[in-house]
Number of protein chains: 2
Amino acid sequence: MSDNQDLQKSFLETVKFDEKGLVPAIVQDHETGKVLMMAWMNRESLEMTLERKQACYWSRSRQKLWLKGESSGNMQDVHDILIDCDGDTILLKVSQKGGACHVGYHSCFYRKAKDDLSMEICDTLMFDPEEVYGKKS
Amino acid sequence: MSDNQDLQKSFLETVKFDEKGLVPAIVQDHETGKVLMMAWMNRESLEMTLERKQACYWSRSRQKLWLKGESSGNMQDVHDILIDCDGDTILLKVSQKGGACHVGYHSCFYRKAKDDLSMEICDTLMFDPEEVYGKKS
């Protein structure tokens, strides 16, 4: 595969959505390189993200478009969008306002495996989810 | 969700495999934070990865266990394994020998979108795939 062949298509033509019409998007802080979360995009949310330069996903649990930060205010300004060799995974480099994780941490990857396969917290709590999303009944 | 409740389960119990028995694994250079690739793991490949501290995946195209680097020599030594809030995505922090991408780049994310949605190369070519994997017929 030559670089020329490789770059003939546009970004949108290169993306391969899966059988559900979705593609996973890895989200990384554009300055520190910290991986913040992974979410899923359909074609509409990807087009919105490219147009607005703010991350927009497809919520699989709510089955609707999800502009990241619409409830919490923790928006993601998009600096770069990359695509992998197979065209089936996207990488967003963003500025994250506040915490990315609905549990309140900066990153959704706030737990790591210890040698005995128990887990420990390895990230910083940024907000109280009950204050941001309201108390669960 | 309190941290105590959150840490009661072991790492393996926390992982939620999808309807195909797979979980996506994001792979990041443990020193630079560069995202190198995303691949999929089944339970067996995750257990092998945890045991050997070398990344092992499930190849969806070949439908078999795939010890990363078994053909190319470009192994991934695993430093840390993290899990996200929903338990359905893994993050590996690794030392990558050579390039991670079968096309020859350091990262599979070697193309980024330009403002006009054409693409440009944004990574370094590390090896010639024909030399490593043999010439395609």
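In this predicted model, six strands form an open sheet with mixed pairing, in the order β2(A)-β1(A)-β6(A)-β5(A)-β7(B)-β8(B). Strands here, like helices, are DSSP runs numbered from the N terminus, with at least two residues (E) for a strand and at least four (H or I) for a helix; two strands count as paired if DSSP finds at least two bridges between them. At the edges stand β2 of chain A and β8 (119-121) of chain B, each with a single partner strand, so one side of each has no neighbour in the sheet. From one strand to the next the twist averages 30°, where axes are lines fitted to C-alpha atoms (for helices, over the stretch in contact) and angles between N-to-C directions run from 0 to 180 degrees.

Residues are numbered from 1 along each chain as its sequence is written, and chains are lettered from A and ligands numbered from 1 in the order in which they are written. Because the model is predicted, local features need pLDDT of at least 70 and side-chain atom pairs count only at pLDDT 80 or more, while totals for chains, interfaces and linings use all residues; side-chain values use heavy atoms, with hydrogens and water left out.

Within this sheet, β1(A) and β2(A) run antiparallel and are joined by 6 bridges. Val23(A) stands opposite Met41(A) of β2(A). The step from one chain to the other is made by β5(A) and strand β7 (residues 111-113) of chain B, which are antiparallel and share 2 bridges. There, Ile83(A) has Arg111(B) as its bridge partner in β7(B). Strands of a sheet pair through backbone hydrogen bonds, in either the parallel or the antiparallel sense. Helix α3 (residues 43-52) of chain A lies across β2, β5 and β6 of chain A and runs at about 125° to β2(A).

What is the strand order in the other open sheet of 6 strands, the one that has β8(A) in it? The order is β8(A)-β7(A)-β5(B)-β6(B)-β1(B)-β2(B), with mixed pairing. Its edge strands are β8 of chain A and β2 (35-41) of chain B, each of which pairs on one side only. The twist averages 30° from one strand to the next. In this sheet β5 (residues 76-83) and β6 (residues 90-96) of chain B pair in the antiparallel sense over 7 bridges, and Val78(B) has Val94(B) as its bridge partner in β6(B). Helix α3 (residues 43-52) of chain B packs on the sheet, where the helix touches β2, β5 and β6 of chain B; its direction makes about 125° with that of β2(B).

Chain A has 4 helices and 8 strands. Along the sequence, the pattern of chain A is α-α-β-β-α-β-β-β-β-β-β-α. The C-alpha trace of chain A spans about 50 × 35 × 30 Å along its principal axes.

Next, the contact between the chains. Between them the two chains bury about 4100 Å², with 61% of it on carbon and sulfur atoms; buried area is the accessible area (1.4 Å probe) lost when two parts are put together, summed over both. In chain A, Phe109(A), Arg111(A) and Met119(A) lose the most area to chain B, together 17% of what that side buries.

There are 22 residue pairs in polar contact between chain A and chain B, both residues at pLDDT 80 or more. A polar contact is a pair of N or O atoms within 3.5 Å; within protein, one must be able to donate a hydrogen and the other to accept it, and residues adjacent in sequence count only if both atoms are side-chain atoms.

A salt bridge is a side-chain nitrogen of Lys or Arg within 4 Å of a carboxyl oxygen of Asp or Glu. By this rule there are 16 salt bridges over all chains, and the count between chain A and chain B is 8. One of the salt bridges joins the side chains of Arg60(B) and Asp88(A) (3.3 Å, N to O). The pair crosses between chains, from the loop between β3 and β4 of chain B, where Arg60(B) sits, to the loop between β5 and β6 of chain A, which holds Asp88(A).

Ser59(B) has Lys64(B) as its bridge partner in β4(B). The hairpin has 4 residues between its strands, and Gln63(B) takes a positive phi near 50°.

Methods. Contact means heavy atoms within 4.5 Å.
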